[in-house]
Amino acid sequence: FFCTMSRKTARVCLLAAIALAFLSILRYTNEQERLHPHDSSNLNSLKSRRLSSSKTYQPQQLIQSPSNENTDEEDTASSEEGYTYLIIHYHKSGHILTQNLRDILLQIDPSIQRNYIDRFPKRQHDPTTKCPHLTLHPNTVYVQSSPDFFCDVDILAEELLTRPTKQRGVKLIHLIRDPFTMAISNYNYHSQDPLPEGENWVKRTNPCAVEDKSTLIYADLFMKTFTSPGAYRLMEYEDFKIIQTMCHRLYDQQQSSPGFYQHLLHLSPTDGLILATTYLMLGHGGDILRMANNIIKLRQLQTLERQIHLQQHTLATFSNESKRKVQVLTMSMDNFIRRPKESTIQFLEFISLGNNDGVLLSMEEKEEIATRYEEMYYGKVTAGDEHITSLLSKPKKMMSDGNIVEEETMVVMSDKVAVLEQSLRENVLWGRVLGNIANLVEESLKGVHNWY
């Protein structure tokens, strides 16, 4: 009624309404930043760049076989441009290994461009699409840790394939790990004395308080994947609350020792392992669940490509691994520890597939490269490299006339690690949830060449 009394009062009401609208937008923005504390400004700029683009793609356009007609020079690159290589890992699933694999690839083919580590922010995603903006380029190798692939599979296909050429696609090396050994490696690494360089965050962090803010947000994201058609229901919603409670209970036992690191040093090994594992399962830091989520998403992506070829009556193209737009090699960090030479050869065979322009390696060359990597790795283990917290006993080597001779190909799990793993398996929650993820990991690694 007041706003209709006169033109002047109406103007005042209009200004007040604009001010209230501005305050509402500001409040909403702040709330989104509170709910998504890991979506930083660089993601916002990436989102703006994407929204400003006039080009949108359907998965069928991105995955379909290349046409002989080059109608758009920007989207159809020459056949001489190579693959995009994306090497993905998680915390304690091969941080140093991914860089070694990248360097091997660059030595084989110097024409491939090297990109900085973590092309897009790790453990972050666009709040709308639920995936990071990849912005990948052909003939380039990327090393990326802990990506958030929570988006729908068609959006993931767009992010991976918009930039690579129509002649080639993406070769994705996915380094995963048995969740039990991953959890134990994480505990052993962060409870070292002295603490490895660059890990001082462990001294000042309360993992329970840090993850309280984001656990329920990530619970929704993880459970959406775990309950999607054809996926695995690896855990239940209430498990997230149980893990939170477990974290606080153990952390509160050591009030006289503030900080995550002091807790890991003073708690019993089994309790310290459980506390460290809660951090790998909750919210932003939940790399064990992130790994499981991405195994499912990449499988769904490959299923999508197969369905598109089926619809287009080009299934023969999909049956030829070298013709697929998304080629995925899932590799086990545990296998690299046990059999570094054989695992390196598997990697070399995968990157050579479809490369008929001088990059294809002979078996002798693969053996030589793999042997050099094996000797380097064993040398680091023997020297006690702080970044290699191997869960296995040191490989037995014998020196004979200056040559290295293997006494055992397989190395065995140490007694301490076996006890820790047994404690996790016998725990009601960890035995069930980590056991389900271990089954998923094992299934994804089946086959001599797990490229599909």
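Before looking up single residues I wrote down the cut-offs: a residue is buried under 20% relative accessible area, exposed over 50%, and partly exposed in between. I also noted that I am working with a predicted model.

**Entry 1: the whole chain**

I began with an overview of the protein chain, whose secondary structure comes to 19 helices and 7 strands. I then looked up burial and found that buried residues make up 50% of the 452 residues. For contacts between residues at least 6 apart in sequence, I noted that 75% of them join residues at least 24 apart.

I turned to helix α13, which runs over residues 287-311 and has 25 residues. From its first C-alpha to its last, α13 reaches 36 Å, and this is close to the 36 Å expected at 1.5 Å a residue. I found 19 of its 25 residues buried, so α13 is largely enclosed by the rest of the structure.

**Entry 2: helices α10 and α12**

Next I looked at a pair of helices, keeping in mind that two packed helices are described by the angle between their axes and the distance between the axes. The axes of α10 (residues 237-251) and α12 (residues 269-279) come within 9 Å and cross at roughly 135°. That angle makes α10 oblique to α12, and I noted that α10 passes α12 in a left-handed crossing.

Which residues make the contact? From α10 I listed Ile-243, Met-246, Cys-247, Leu-250 and Tyr-251, and from α12 I listed Asp-271, Ile-274, Leu-275 and Thr-278. Sorted by class, this contact has 7 nonpolar residues, 1 polar residue and 1 charged residue.

With a relative accessible area of 3%, His-89 is buried, since the cut-off for buried is under 20%.

What does His-89 touch, once residues up to four places away in sequence are left out? I found Gly-94, His-95, Thr-98, Val-143, Gln-144, Ser-145, Ser-146, Pro-147 and Leu-175. For Pro-147, which is 58 residues from His-89 in sequence, I noted a C-alpha to C-alpha distance of 8.5 Å.

Technical notes:
Residues are numbered from 1 along each chain as its sequence is written. This is a predicted model: local features need pLDDT of at least 70, side-chain atom pairs count only at pLDDT 80 or more; totals for chains, interfaces and linings use all residues. Side-chain values use heavy atoms; hydrogens and water are left out. Helices (H or I, at least four residues) and strands (E, at least two) are DSSP runs, numbered from the N terminus. The expected span of a helix is 1.5 Å times one less than its number of residues. Buried means under 20% relative accessible area, exposed over 50%, partly exposed in between (1.4 Å probe, protein chains only). Axes are lines fitted to C-alpha atoms, for helices over the stretch in contact, and angles run from 0 to 180 degrees between N-to-C directions. Angles under 35 degrees count as roughly parallel, over 145 as roughly antiparallel, 65 to 115 as roughly perpendicular and the rest as oblique. A crossing is left-handed if the near helix is turned anticlockwise from the far one by less than a right angle, and right-handed if clockwise. Contact means heavy atoms within 4.5 Å. Ala, Val, Leu, Ile, Met, Phe, Trp, Tyr, Cys and Pro count as nonpolar, Asp, Glu, Lys and Arg as charged, and the others, Gly among them, as polar.
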